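Let's take a friendly walk through a protein structure, one topic at a time. Keep the picture beside you as you read.

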Amino acid sequence: MDTKEKTADHASRASAFNRDEQRVNWHDKTLWFVREKRDKAAWQIPEWEHLRELASQIKDNVLSNLHNYLIQFEKQASSNGIIVHWAATAQEHNEIVYDIIRKKGVSQIVKSKSMLTEECHLNEYLLEKGIDVVDTDFGERIVQLAEEPPSHIVLPCIHKKKEEIGALFHEHLGTPEGSSDPVFLAAAARADLRKHFMKSSVALTGVNFAVAETGEIVVCTNEGNADLGVQLADTHIACMGIEKIIPQRKHLGIFLRLLARSATGQPITTYSSHFRKPRAGQETHVVLVDNGRSERLKSIDFRNALKCIRCGACMNTCPVYRRSGGHSYHYAIAGPIGAILAPSLDMKKYADLPFASTLCGSCSNVCPVKIDIHDQLYRWRQVIVKNGYVNPGKSLGMRTMSTVLSNPSTFRWIGRLGRLFIKHLPFLVNHKLNPWYKKREMPAPPAQSFHQWYKTMRTNGK
Amino acid sequence: MRVALFVPCYIDQFYPKVAIATLELLEKLDIQVTYPERQTCCGQPMANAGFEHLTKATNKLFIENFDKYDYIVSPSGSCVLHVKHHLHSKASEDLAHSIKNNIYELTEFLIDVLKVKKLSSWFPHSVGLHQSCHGQRGLMLSQMSEIVGPPFSKSEALLNMVGGLNLIALDRSDECCGFGGTFCVTEDAVSAKMGLDRVRDHISHGVEFITSSDMSCLMHLEGILRRLKSDVKVAHIAEILNAPA
């Protein structure tokens, strides 16, 4: 295995994040607050668990019949006057989008939130082609100005404090130095964004749900920026992963009830906008993107990660995410769901992510579509080790451990030796190269093991 | 009733008192317990690190030790969960299957099988309960905060039977302690921070003891408590349930 190419992994990024404990505390509390809001919202729905089960089953049905639903969607959307494109890869997606923009002869577009375009690195691609993309969600705009990737799929700038946002706006938008009042900063961003909205004739959005039955797409936002962008533009480009399909409009209610409650604890997003057909004179494009999804669909072990509705609840609940920050995952989608999605795109690059978990299982139980996230993390670990993307030292250690633990007399002997070492030669383990010892004392070794006690007190004693 | 005691490897080596308390507690409840002496480990340390393929030998040994019992009881939700989910044997899958059905975590065995309604133990202290994730979310030993459903807790039900014990409520009832097996050293910064936050929750509510049905969580929390030079102690739930009146 080649370890040279390795970029900073989750553990070292998380360790850097933890150098500022106050910041970790703040990050943890901010996200835990969102998790608690989610709990309150969920408890207001007595049939919450039933809703989760229904949503899970509908998504199972979608994954098992994806081909047919996609064809149905394409047919319906086309008959509604929407132009449907198919992209097998991120590259194809970017090319299709660029081609549409190029034909319109514009050099700037407005974009509302789309994790898919993050996944495809569309902004960077378009920038190279001379197209300026203005992110119009408040949080996305902040990370765009900071030239950072989002750290959370729903709350992209959750890692930034309002004072830092104030400084950023001072630099880029000319707000007074030292201003950090959120209402003031939001107004400044709004005023700036409005200029871009007014002059952009192409608007790009993501898609939360695409209804096969009607050929419509649904976009959920809190800020109304998707609507503003689309209504002011002559051309609407909507980009979606092929798994965003739901069979019928009547199923939407289940997902809309689950989505916002799981994401932020709101009963529903402020705007749930349906786009079924272009208004007179407008062009609407939908780009259906595979980018590894049909490959994942083949895998029994990992396919149901495709059920994800991108609510971010698994991030808010994850005790590791809250204490390591979204950027520690070095992938567009952070947290537990990112850790099971990323390795299927590039197992080597993201080999560390499935190990960035204690397998506590909170993610799987908070997930509104019941993705078995922590079990998939476990299974990814097995796949990654089998493919050799693991530190050779760890492999050797594990082989030794396996040998010791499968031989009772060796185990007793090593155990006895270990306890003697810790007791009489504590410097062997109590030093800062032992990661346990950095912030924790070693267990105080007892004089004898249970096995020895049992031999003395029971086997021989009785 | 043939009952075997499964003592996880780290309890055997570092916390024999927990295994002794488990054995004595079961004996007080008139259960005859056998301790199969060639047992070592369930294999979880390898499997959770991605090396499940190296657990064939420990699986074989586990089956040899435990295939003759009606019940296998262990003071660790985590190890029991591992056996339930991952014990396999090409040669004798039927034996593996019956072991998976017969293995119980201690509190689960006391509540569901023995149907314990009262205990004679006495523990006059303020106690905070740390939920082990594998016990809680894996074995469903108590309701979790993520789920909209009726509350229940096997550990709490038992602790409420202990004389003098004052069970203390926490800010976060079921957040992970950050031990996580090899996670505790491969991700030591986050692991230690998670443990520190758990410990502070207990300390701020004035507990004297942190208890849990998993000693691995407590080993981690104890390491942090001792580094903080805190007076708060850890005690496995078996030690409290076995505390003499």
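## Getting started

Two residues are in contact if their C-beta atoms, placed from the backbone, lie within 7 Å. Helices (H or I, at least four residues) and strands (E, at least two) are DSSP runs, numbered from the N terminus.

This is a predicted model, in which local features need pLDDT of at least 70 and side-chain atom pairs count only at pLDDT 80 or more, while totals for chains, interfaces and linings use all residues. Residues are numbered from 1 along each chain as its sequence is written, and chains are lettered from A and ligands numbered from 1 in the order in which they are written.

Let's begin in chain B. The axes of helix α11 (residues 188-204) of chain B and α12(B) come within 9 Å and cross at roughly 75°; axes here are lines fitted to C-alpha atoms, for helices over the stretch in contact, and angles run from 0 to 180 degrees between N-to-C directions. α11(B) is therefore roughly perpendicular to α12(B), a label for angles of 65 to 115 degrees.

Which residues of α11(B) meet α12(B)? They are B:A192, B:G195, B:L196, B:R198 and B:V199, and their partners in α12(B) are B:H220, B:L221, B:I224 and B:L225.

## The nonpolar cores

A nonpolar core is a set of buried Ala, Val, Leu, Ile, Met, Phe, Trp, Tyr and Cys residues joined through C-beta atoms within 7 Å. Buried means that 20 or more other C-beta atoms lie within 10 Å of a residue's own.

The largest core has 187 residues, and A:C239 and B:I72 touch the most other members. Helix α12 (residues 215-227) of chain B gives the most to this core, with seven residues. Beyond its neighbours within four places in sequence, B:I72 is in contact with residues including B:F6, B:F66 and B:Y104.

Chain A has 22 helices and 10 strands, and 47% of its 462 residues count as buried. Its C-alpha trace spans about 90 × 55 × 50 Å along its principal axes.

Where do the chains touch? In all, 58 residues of chain A are in contact with 57 residues of chain B. On the chain A side, helix α18 (residues 373-386) gives the largest share, six residues. That side divides into 31 nonpolar, 16 polar and 11 charged residues.

Definitions and conventions:
Nonpolar A, V, L, I, M, F, W, Y, C, P; charged D, E, K, R; others polar. Buried ≥ 20, exposed ≤ 12 C-beta atoms within 10 Å, placed from the backbone. Parallel < 35°, antiparallel > 145°, perpendicular 65-115°, else oblique.
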